Amino acid sequence: MSSLVSNLKLEGVLSSPSTRKDVPAEACQDKSIFIAEDRLAVRQTAWDSPGQAAYDFRSDYVTSPNGAMLSSIINTSLLDDVMKEDPTTNSFQDFMARLTGHEDSLLVMSGTMGNQVALRTALPAPPYSILCDSRSHILGMEAGGPATLCGALLEGVFPCNGHHLTIEDVKKHATLREDVYDCPTRIISLENTLSGTIMPLEDIRVISSWARSQNPPIHMHLDGARLWEAVAAGAGSLKAYTSCFDSVSLCFTKGLGAPIGSIVIGSSSFIKRARWMRKLLGGGIRAAGIVSAPARVAVEHVFLGGHLRASQDSAKQLSKLWLSLGGKLQYPTETNMIWLDLDAAGIDKERFADLAQNAGVKTMRGRLQGRLIIHYQICDHALHVLADLFVSLLAGNGGSIAKNNEG
Ligand SMILES: Cc1ncc(COP(=O)(O)O)c(C=O)c1O
């Protein structure tokens, strides 16, 4: 093993964890693999720095896996997870179940797979419907998965308070009758955060206890791709949120920087059935340790290590600047997402993206334009570039921004 590793090192595939600026050296689990460093010419690799992610505001899924994650991959066990034999993956699933206060959990490949596995697992035989926010990812951005995979009717509801679903919305739109004309609500699927906004714990608790009191009880699912952000913002603990749900999907690639992976949380019997659904969707993989090991680093170092809050503070400062210049926001900035209202500012969306690009930062084009996400790898210089762009645009001289991110 060590000769393989030193060969990799010589070829520049591995690098020292100590060369990373944003990950403490002690975060790397086994420094012994980085041998004979003084004799080796260390070449920078993609694992050594956030790279382009430092200037990329398109999403928090652009976060780059780091050296500690690479180290965890080198040190992982490589046994078969379809046969449940991989200790790294088993221990990670136990860890996630404990962290969220549920009985069990199941590693999946993506947030979409997590939601779809959970929804398919929760549904018995049609007819059935899933009640969700009309802006939710499962409705608009999962390629019609619930219709294709579950044959479910999606009842998308726009919240009457304009921010998040409440019990009033749910009671008004849930189908409780079992008349032959009806398509009964079997799942309430919530999303938190949704477009970066936080669904308050108290509202979730009320919906959850109502859903669970129905006969039959309505399954509560959470698309918690970014639940980390709500927790980091101090809106409630992870367990307080997850206890309101029968299944939760959490992503390790959004904001936490893992290369691959999400997880589904639930009861033992739920996860047993979810394992079948994951298998039939092609998500049963063999040496799953290469996914679960860096995912654990992501949770421990980025989420539990407290790296998310600073990005939220930056997002709030930038939003404040935009508002102080007379700009408007599509949604309030409650976590790490800023939603500029470019239409209200009379700024063409493509032009905004072009100006940002000329200034040296990336912003979303096409769908989701005007959304900026601050993640933990965004550097201070990128924040300044964005702030300058705001000033320049709202002061009426857009286009004069210098390409100045070389400094
Ligand atoms: C709220 C939410 N749920 C689920 C997903 C799907 O995750 P993935 O891209 O890993 O499939 C995303 C992706 O951005 C998301 O924003």
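This is a short tour of the structure, stop by stop.

**Before you start**

The model is predicted: local features need pLDDT of at least 70, side-chain atom pairs count only at pLDDT 80 or more, and totals for chains, interfaces and linings use all residues. Residue numbers start from 1 along each chain as its sequence is written.

**Whole protein**

Show everything as a cartoon. The protein has 15 helices and 10 strands. These are DSSP runs numbered from the N terminus: helices are H or I with at least four residues, strands are E with at least two. Of the 407 residues, 48% count as buried. Buried means 20 or more other C-beta atoms within 10 Å of the residue's own, exposed means 12 or fewer, and partly exposed lies in between; C-beta atoms are placed from the backbone. Among contacts between residues at least 6 apart in sequence, 73% join residues at least 24 apart. A contact needs C-beta atoms, placed from the backbone, within 7 Å.

**The ligand**

Select the ligand and its shell. A residue belongs here if its C-beta atom, placed from the backbone, lies within 6 Å of the molecule. The residues are Tyr61, Ser110, Gly111, Thr112, Asn115, His137, Glu191, Asp223, Ala225, Cys251, Thr253 and Ser262. They divide into 3 nonpolar, 7 polar and 2 charged. Here Ala, Val, Leu, Ile, Met, Phe, Trp, Tyr, Cys and Pro count as nonpolar, Asp, Glu, Lys and Arg as charged, and the others, Gly among them, as polar. Helix α4 gives the most to this shell, with 3 residues.

**Helix α4**

Now select residues 111–122, which form α4. α4 is mostly covered, with 12 of its 12 residues buried. α4 reaches 17 Å from its first C-alpha to its last, close to the 16 Å expected at 1.5 Å a residue. The expected span is 1.5 Å times one less than the number of residues.

**Where α4 meets α11**

Show side chains at the contact. Val117, Ala118, Arg120 and Thr121 in α4 meet Phe270, Arg273, Ala274, Met277 and Arg278 in α11. The residues of this contact divide into 5 nonpolar, 1 polar and 3 charged.

**Helix α12 and His307**

Move to α12, residues 289–303. 14 of its 15 residues are buried, so α12 is largely enclosed by the rest of the structure. Next, pick His307, in the loop between α12 and α13. His307 has 19 C-beta neighbours inside 10 Å and therefore counts as partly exposed. Leaving aside neighbours within four places in sequence, His307 is in contact with Val302 and Tyr376. Its C-alpha is 9.4 Å from that of Gly255, 52 residues apart along the chain.

**Backbone stops**

Zoom in on two cis peptide bonds. One joins Pro126 and Pro127, with omega about 5°. Pro127 is in the loop between α4 and β2. The other runs from Asn215 to Pro216, with omega near 0°. Pro216 sits in the loop between α8 and β5.

Finish with two positive phi angles. Lys84 has a phi of about 60° although it is not a glycine. Lys84 is exposed, with 12 other C-beta atoms within 10 Å. Ser195 has a phi of about 50°, and it is not a glycine either. Ser195 is buried, with 20 other C-beta atoms within 10 Å.

How values were computed
Contact = placed C-beta atoms within 7 Å.
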